[in-house]
Structures are given as structure tokens and as C-alpha cells.
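Hi,

Here is the structure I promised to pass on.

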Amino acid sequence: MFQRFVMMMTVGVALLPMNAWSDTLYLRSGVQVHGVVLNEEGNRLVVRTGDRIVRIPSSSVVKIEENDRDGAFDHEAARKALEEREKQLLEETGLTREQRQEIDALIRRLADPDPVVQGDARRSLTTMAATPEVFEYIKNQLPSWLPVHIAQLLDVLASAGGMRAGDTLLEHAMHPDPAVRGVSVELLGVIQHRNALETTLRGLLDHEPVVRMAACAALAAIGAREATPMLIDNLRHANPGVNNYAAEALVVIWGDNETAAALKTAEEWLQFWNAHQE
């Protein structure tokens, strides 16, 4: 048998309620059930919680506490909690509920199958993210969205904030999704983030071709000649796309050298590099 706890004190004997009180049942699993114990049927307690009747094995009950919580939904308490949460969010984000809902609706459209809808949503978000409050809201909400949204939101943040998006891009360059990693690495090049060279070089070693190609584009944008040996290695990659991106990156990086424009193979580039190491 279980023991009923009244005012958090042990009575010491099993008592069945007479519907004059409400109860909280503490189960061995850690779950709490709020309601009214109506009676006992064999080895089960019959409990009314809100407008439902449930039967709970007596052996699973650790204790019962008498209180005024009958399991019914408290609309007034919920309303007050919602108002308090809204006040907290307004203080934290500087955005009203309507503004947050507008941003969230635009973010959802980034996954729309229609590229026109996607493009319109991305442009609207980029314009809105020019304000610090929206920029920070989008940045802080990134973990809440799917990779398909995150990849485009990173583009929004980089377009709207430039170097302000640097730390976020560095963080997402390690994201488990290859599309997110690729976008992050490429955008580090777009914003000319020289401090991200190590991260960008790591992209040339990624097991996903899309990330390697993004790293090639980023290194070309940065003009990182120190990446030449790793770019030459990627000329030998099994994926033709990686080969092409690496070749284009090398030509761009060494664009001021007439000899470089004529180089094609990894062996030719390696000879060139050995002769021009800085």
C-alpha cells in the first residue's frame, strides 16, 4: 500500500479520498499526476485528472500529496504565464510577438519548393536583418531550424551583417550537415574573413565534395596563396567538380602571374609552386 501525504507530512496509513480534496501522485518514474483519487480497484487507483479517468497501479505510486490541483486546465494561469513569457521575450529580443511571427513566417518560406518564393523571403529577411534586433533574433534562432533553413539564414546574416556574421559562420563551418558547412565556409570567403583561414583550409579535407568546392571558392575570394599545396592535392580528387573548383581557385589566386594561367595538371602546378614559394 502507499502512504498519503497531507501538507507534506506522512499520515502513515493508506486513506482513500472522499472528493473533498485534490491530489498529486508522485510515481516511481518521476512523473507527477495531478487529479482526484476516486477509489481503488484491486491493485489500481482510479484517478480523475481534468475530464479524463485514468487507472494507475498502486505499486508505481511513491506518495500522494493533498492540494488543490485537480488536473483541470487553468486558463487564467496559462494566460498569465503567456503574458509573462511575452514580456520576457520582448525584453530579450526587442521584438514584439507580431514581429517575431512575421520573421518566422518568412523563414519557413525559405524551404518553399518555389524558388521565387524562396528568393522573395530571403531578400525580405536580409532587409530586416539590417537592424540589430532582427539580426540577433535570427542568429539566436538558428538551432531551432532545419539545415535547409539554416543554410539560407547564414546567407541572410552574412549579406546583412558582413563581419558581424563571422563568429556564427565559424561555428557552423563545423555543422554536421554538409550543405550548412559548405555555405558557412564559402561565406567566410565572401566576407573576406582572413582569421578563418584555418577553418577554410580544413574544408579542403572534408569528406563531402560540396564542402571542398566551397572551400576552393572561399580561398579564391581571400586570395590565400598559402593554400596552393592543398589546392593542388584537390586537383587529384576523384570528383570532377572538386577538380574544376580547385583549378579555378589556383588561377584566381595566382592571377597576376602569366605562367599560372596556362597550367593544367597537378604536376605542372606542383612544379610552379616549388619555384614560387613565398
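This is a predicted model: local features need pLDDT of at least 70, side-chain atom pairs count only at pLDDT 80 or more; totals for chains, interfaces and linings use all residues.

Residues are numbered from 1 along each chain as its sequence is written, and side-chain values use heavy atoms, with hydrogens and water left out.

Some totals to start with. Of the 278 residues in the protein chain, 41% count as buried; buried is under 20% relative accessible area, exposed is over 50%, and partly exposed is in between (1.4 Å probe, protein chains only). Take the contacts (heavy atoms within 4.5 Å) with a separation of 6 or more: residues 24 or more positions apart account for 51% of them.

Now the helix pair I looked at. Helix α2 (residues 97–109) packs against helix α4 (residues 132–141) at about 55°, and their axes are 11 Å apart. The axes are lines fitted to C-alpha atoms over the stretch in contact, with angles from 0 to 180 degrees between N-to-C directions. That makes α2 and α4 oblique to each other (under 35 degrees is roughly parallel, over 145 roughly antiparallel, 65 to 115 roughly perpendicular, and the rest oblique). On the α2 side, Arg100, Ile103 and Asp104 meet Val134, Tyr137 and Ile138 of α4. By class, that contact has four nonpolar, no polar and two charged residues (Ala, Val, Leu, Ile, Met, Phe, Trp, Tyr, Cys and Pro are nonpolar, Asp, Glu, Lys and Arg charged, and the others, Gly among them, polar).

Then the aromatics. Rings of Phe, Tyr and Trp (its six-membered ring) pair if their centres lie within 6.5 Å, with planes under 30 degrees apart stacked, over 60 edge-to-face and the rest tilted. The count comes to three aromatic pairs. Trp254 and Trp273 are edge-to-face, because their centres are 6.2 Å apart and their planes at 75°. This pair links distant parts of the chain, 19 residues apart: Trp254 is in the loop between α11 (240–253) and α12 (266–276), Trp273 in helix α12. Trp254 is buried at 3% relative accessibility, and Trp273 is buried at 12%.

Trp269 and Phe272 also pair edge-to-face, at 5.4 Å centre to centre and 80° between the planes. Both are buried. Ring pairs join Trp254, Trp269, Phe272 and Trp273 into a cluster.

Cheers

Terms used. Helices (H or I, at least four residues) and strands (E, at least two) are DSSP runs, numbered from the N terminus.
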